[in-house]
Amino acid sequence: MQDDFLSISALQHIAYCPRQFALIHVEQAWAENRFTAEGQILHERVDSGVAEQRGSLRSERGVLLTSERYQLKGKMDLLEIETPTGPDAGAPLRYFPVEYKRGKPKVQDWDRIQLCAQALCIEEMRQTQVEQGAIWYWEVRRREPVLIDQSLRSVTLAMIDQARTILVTGTTPPPVKDRSRCKACSLLDLCEPDTFAKDHSKAYIEQLFSS
């Protein structure tokens, strides 16, 4: 059933903060702030575009994705498809996913994990191999290339497993130790990380997720 499928965008949530993921996808909590609003506007603009063909490059926007193997579903911003032209034209040569983000490039894999999950869906749906993609960041107005290598694939699959564990157990993890992430989180008031840190149940939950 599609209802059991994990949203691709949820993988960015759990990579950023497992507690944020649980608040949204287990406790059904949500709140808007400037960052979420700007991100929504950006994606609406990107997804509203129509497919276009320029020479050998076809651009498809707002592409619906699904994977039976990994039980994923979602929508990607842009899929570039390099198609051969001429009398000898055959199957597409390259599929290149592009994700749009309102922020700026990050050292961590949070955004790259989401892009990799999109690549996994494309590979299954179109019987191909995706080796590269890119993330376009609004603050710097440029694409950051992403190599869809085995290392990133392994991290992405680990995030899928962790997400399913939280959904099955229904347990909300403690706040992340890196509190700098909390500043931009729209769920800060609902999460109350400082209050939770004083709760002795934190040790029990940490032990639960480390086993």
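Predicted model: local features only at pLDDT ≥ 70, side-chain atom pairs only at ≥ 80, totals over all residues.

Reader: How many of the residues of helix H2 are buried, and which are they?
Author: Helix H2 spans residues 18-25, and a residue counts as buried when its relative accessible area is under 20%. By that cut-off Pro18, Arg19, Gln20, Phe21, Ala22, Leu23 and Ile24 are buried.

Reader: Is helix H1 roughly parallel, roughly perpendicular or oblique to H2?
Author: Two packed helices are described by the angle between their axes and the distance between the axes. For H1 and H2 the axes are 5 Å apart and the angle is about 135 degrees. Because angles of 65 to 115 degrees count as roughly perpendicular and those over 145 as roughly antiparallel, H1 is, relative to H2, oblique.

Reader: How do the residues of the contact of H1 with H2 divide into nonpolar, polar and charged?
Author: On the H1 side the contact involves Ala10, His13, Ile14 and Tyr16, which meet Pro18, Gln20, Phe21, Ile24 and His25 of H2. Sorted by class, these residues come to 6 nonpolar, 3 polar and no charged.

Reader: What volume does the largest cavity have, and which residues are closest to its centre?
Author: Searching the whole structure gives 1 cavity of 30 Å³ or more, and the space in the largest cavity is about 100 Å³. Its lining divides into 8 nonpolar residues, 1 polar and 1 charged. Of the 10 lining residues, those closest to the centre are Cys17, Gln20, Cys182, Cys185 and Cys191.

Note on methods: Residues numbered from 1 in each chain as written. Heavy atoms only, no water. Buried < 20%, exposed > 50% of the residue type's maximum accessible area, 1.4 Å probe, protein only. Helix = DSSP H or I, 4+ residues; strand = E, 2+ residues; numbered from the N terminus. Axes fitted to C-alpha atoms, helices over the stretch in contact; angles between N-to-C directions. Parallel < 35°, antiparallel > 145°, perpendicular 65-115°, else oblique. Contact = heavy atoms within 4.5 Å. Nonpolar A, V, L, I, M, F, W, Y, C, P; charged D, E, K, R; others polar. 1 Å grid on protein atoms, 1.4 Å probe; cavity = no way out; pocket = protein on both sides within 12 Å on 5 of 7 lines; lining within 4 Å. Points joined across faces, edges and corners; volume = space filled by probe spheres on them.
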